[in-house]
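Hi,

Here is the structure I promised to pass on.

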Amino acid sequence: MGYKPKVTVVGAGFVGATTAQRLVEKEIANVVLIDIVEGLAQGKALDMMESASIERFLTRITGTTHYADTRGSDVVVITAGLARKPGMSRDDLLLKNAEILSSVVLECIQYSPDTILLVVTNPLDVMTYLAWKKSGFPSERVLGMAGALDAARYAYFIAEELKCDPSDVEAMVLGGHGDAMVPVPGQTKVKGISLTDLLEIDKIEAIHQKTRDGGAEIVKYLKTGSAYYAPSSSVVQMVNAIVYDLGEVIPSCVYLKGEYGIKDVYCGVPARLGSKGVREVVEIPLTDQEITALRKSAEEVRQNCLRLGL
Ligand code: APR
């Protein structure tokens, strides 16, 4: 097999392991899976490799607890941290996960100074800002996964309502990852037709609420953990766009420098992704109400960053 990119996945829990599995099974990259718990990443990696003859992949996955093994990664996906428990908001996780994330970032950049950091740990927007600060990287090389997941959930609920193929739906969700997310129905298209031309406003509103509650609904079912199938798919979509320099526009948590009138904060907006990370932030037309909601959402992220002294 020819050259394949190297992707490190930090955290061999539900999101990390499923991400690693999708990356190797789709032959997108060779993966190093790393966790603080001795044996966890090694065991899962070996288990996945033992499926290679059946699943027919030539990519490799290695499990480790040593950061030296992550040397020269093209992308580092960070899922390390605590997952949300029922009744726990993403922000309850703030302090604990900030501590974990800071140590992980410093370890990773030591061995992969040119990498792209893709943050998954919640609360997402704040953790991404923290990763950027800790790394000292240009902001283009630090981004977070949230909008891709929110958009995938939005697409699914729309497809359920319209009884259509979910992959025919191009969904757009902006803002911070949480209750203040901003679905954009006018820029959400089903085979090129705006959602606003396909559904009544009350139906659209109901779908928005379902999308906002998407993560919490799964936590309620699982009781002891949070979602990981759709989150890992979303991470893989972003990694694929980055390592193969696709220039795909994906709603991503990126650093804003005045786009949408928002500055010095990480927030979800459409971004064109490529091998350097964020190629450009794409500014799409929004209604006054949407732009107000987006700025409010960004302001909430800023307040959480301040709580962390960032
Ligand atoms: N270094 C490396 N791994 C760590 C560290 C650390 N310092 N601290 C914790 N971990 C590992 C844990 O050992 C665990 O295996 O991170 C993994 C987290 O896995 P899960 O508890 O299964 O959580 P998961 O469902 O994968 O969610 C991870 O992604 O979507 C977000 O909100 C979610 O922040 C959470 C993260």
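**What I found**

Asp264 is partly exposed, with a relative accessible area of 36%; on this scale buried means under 20%, exposed means over 50%, and partly exposed is what falls in between, computed with a 1.4 Å probe and protein chains only. Asp264 belongs to strand β13 (residues 263–274), where strands (E, at least two residues) and helices (H or I, at least four) are DSSP runs numbered from the N terminus. Although Asp264 is not a glycine, its phi is positive, about 50 degrees.

Before you go further, please note that this is a predicted model, in which local features need pLDDT of at least 70, side-chain atom pairs count only at pLDDT 80 or more, and totals for chains, interfaces and linings use all residues. Residues are numbered from 1 along each chain as its sequence is written, and side-chain values use heavy atoms, with hydrogens and water left out.

**Other backbone angles**

Most residues other than glycine have a negative phi, and most peptide bonds are trans. Glu27 is not a glycine, yet its phi is positive at about 55 degrees. You will find Glu27 in the loop between α1 and β2 (30–34), and with 23% relative accessibility it counts as partly exposed. The peptide bond joining Asn122 and Pro123 is cis, with omega about -5 degrees. Pro123 sits in the loop between β5 (116–119) and α5 (124–135).

**The ligand**

Which residues come nearest to the ligand? They are Phe14, Val15, Asp35, Thr79 and Asn122, out of 22 residues around it; a residue is counted as near when one of its heavy atoms lies within 4 Å. In the shell around the ligand there are 14 nonpolar residues, seven polar and one charged.

- A polar side-chain atom of Asp35 is 2.6 Å from a ligand oxygen.
- A polar backbone atom of Phe14 is 3.0 Å from a ligand oxygen.
- A backbone N or O atom of Gly81 is 3.4 Å from a ligand oxygen.

A polar contact here is a pair of N or O atoms within 3.5 Å; within protein, one must be able to donate a hydrogen and the other to accept it, and residues adjacent in sequence count only if both atoms are side-chain atoms. Taken alone, the ligand exposes 730 Å², of which the protein buries 85%; these areas come from the Shrake-Rupley method with a 1.4 Å probe. The most comes from α4, with three residues.

**Helix α8**

Which side of α8 is buried? In this helix (residues 214–222), Gly214, Gly215 and Val219 are buried. They lie on the same side of α8, because they cover an arc of only 135 degrees around the axis, the arc being that of the directions from the helix axis to the C-beta atoms. Lys220 and Tyr221, on the other side of α8, are exposed. The cover over the buried residues of α8 includes α6 (147–162) and α7 (201–212), with contact meaning heavy atoms within 4.5 Å. Lys223 follows α8 and has a positive phi, near 65 degrees.

Ser73 lies in the loop between β3 (61–64) and β4 (75–78) and is buried, with a relative accessible area of 5%. A polar atom of the Ser73 side chain is 2.6 Å from the backbone oxygen of Thr70. Leaving aside neighbours within four places in sequence, Ser73 is in contact with Lys6, Thr8, Ser112 and Thr115.

Asp179, in the loop between β8 (173–174) and β9 (182–183), is exposed, with a relative accessible area of 64%. Its C-alpha atom is 5.7 Å from that of Arg212, which is 33 residues away along the chain.

Gly247 is in the loop between α9 (229–243) and β12 (248–257) and counts as buried at 9% relative accessibility. Beyond its neighbours within four places in sequence, Gly247 is in contact with Ala241, Arg272, Leu273, Gly274 and Arg279.

Best wishes

How values were computed:
Ala, Val, Leu, Ile, Met, Phe, Trp, Tyr, Cys and Pro count as nonpolar, Asp, Glu, Lys and Arg as charged, and the others, Gly among them, as polar.
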